[in-house]
Amino acid sequence: MKTSLQEKRTDRETRHVGSIISDNVRNSQSVKTVKRTYQIGQNTGESLSKNIAKFRKES
């Protein structure tokens with residue numbers, strides 16, 4: 001038979017502080033904005049590189 005203390009322990013958070021902070025950082029709005037901006041810049045750079053390579057082949 002479980003005591004009330006044992007029952008309470010099953011409802012507790014099982015993650016440690018590092019994983020909670022990590023989740024908070026990953027889910028923050030500023031991190032999402034930085035990731036999106038970086039991805040836009042990366043896509044733009046790849047597109048420019050492909051266009052330049054295509055232009056050089058044609059000339």
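Colleague: Is Arg15 buried or exposed, or in between?
Modeller: Arg15 is partly exposed, at 39% relative accessibility. Buried means under 20% relative accessible area, exposed over 50%, and partly exposed lies in between (1.4 Å probe, protein chains only). This is a predicted model: local features need pLDDT of at least 70, side-chain atom pairs count only at pLDDT 80 or more, and totals for chains, interfaces and linings use all residues. Residues are numbered from 1 along each chain as its sequence is written, and side-chain values use heavy atoms, with hydrogens and water left out.

Colleague: Which side chain does Arg15 meet in a salt bridge?
Modeller: Asp23, at 2.4 Å, N to O. A salt bridge here is a side-chain nitrogen of Lys or Arg within 4 Å of a carboxyl oxygen of Asp or Glu. Side chains of opposite charge can pair when their charged atoms come close.

Colleague: And how exposed is Asp23?
Modeller: Asp23 is partly exposed, with a relative accessible area of 27%. Asp23 also meets the side chain of Arg26 in a salt bridge, at 3.8 Å, N to O.

Colleague: How far apart are Arg26 and Asp23 along helix H2?
Modeller: They are 3 residues apart, so about one helical turn separates them. Helices (H or I, at least four residues) and strands (E, at least two) are DSSP runs, numbered from the N terminus.

Colleague: How many salt bridges are there in the whole structure?
Modeller: The search finds 2. Arg15, Asp23 and Arg26 are linked in a network of them.

Colleague: New topic. Which residues form the nonpolar patch on the surface?
Modeller: Val17, Ile21 and Val25, with about 280 Å² of accessible area together. Areas come from the Shrake-Rupley method with a 1.4 Å probe; for residues, only the protein chains shown count as cover. Patch members have over 30% relative accessible area and no salt bridge; like charges are joined within 9 Å, nonpolar side chains (Val, Leu, Ile, Met, Phe, Trp, Tyr) within 5 Å.

Colleague: Where is Val25 found?
Modeller: In helix H2, residues 17-26. Val25 is partly exposed, at 47%.

Colleague: What does Val31 touch?
Modeller: Leaving aside neighbours within four places in sequence, Val31 is in contact (heavy atoms within 4.5 Å) with Val25 and Arg26. Val31 sits in helix H3, residues 29-58.

Colleague: What about the overall fold?
Modeller: The protein chain has 3 helices and 0 strands. Of its 59 residues, 0% count as buried.

Colleague: Where is confidence lowest?
Modeller: In helix H1, residues 4-9, with a mean pLDDT of 59. pLDDT is the predictor's confidence in each residue, from 0 to 100. Confidence is highest in H3, at 94. Where pLDDT is low, the predicted coordinates should not be read in detail.
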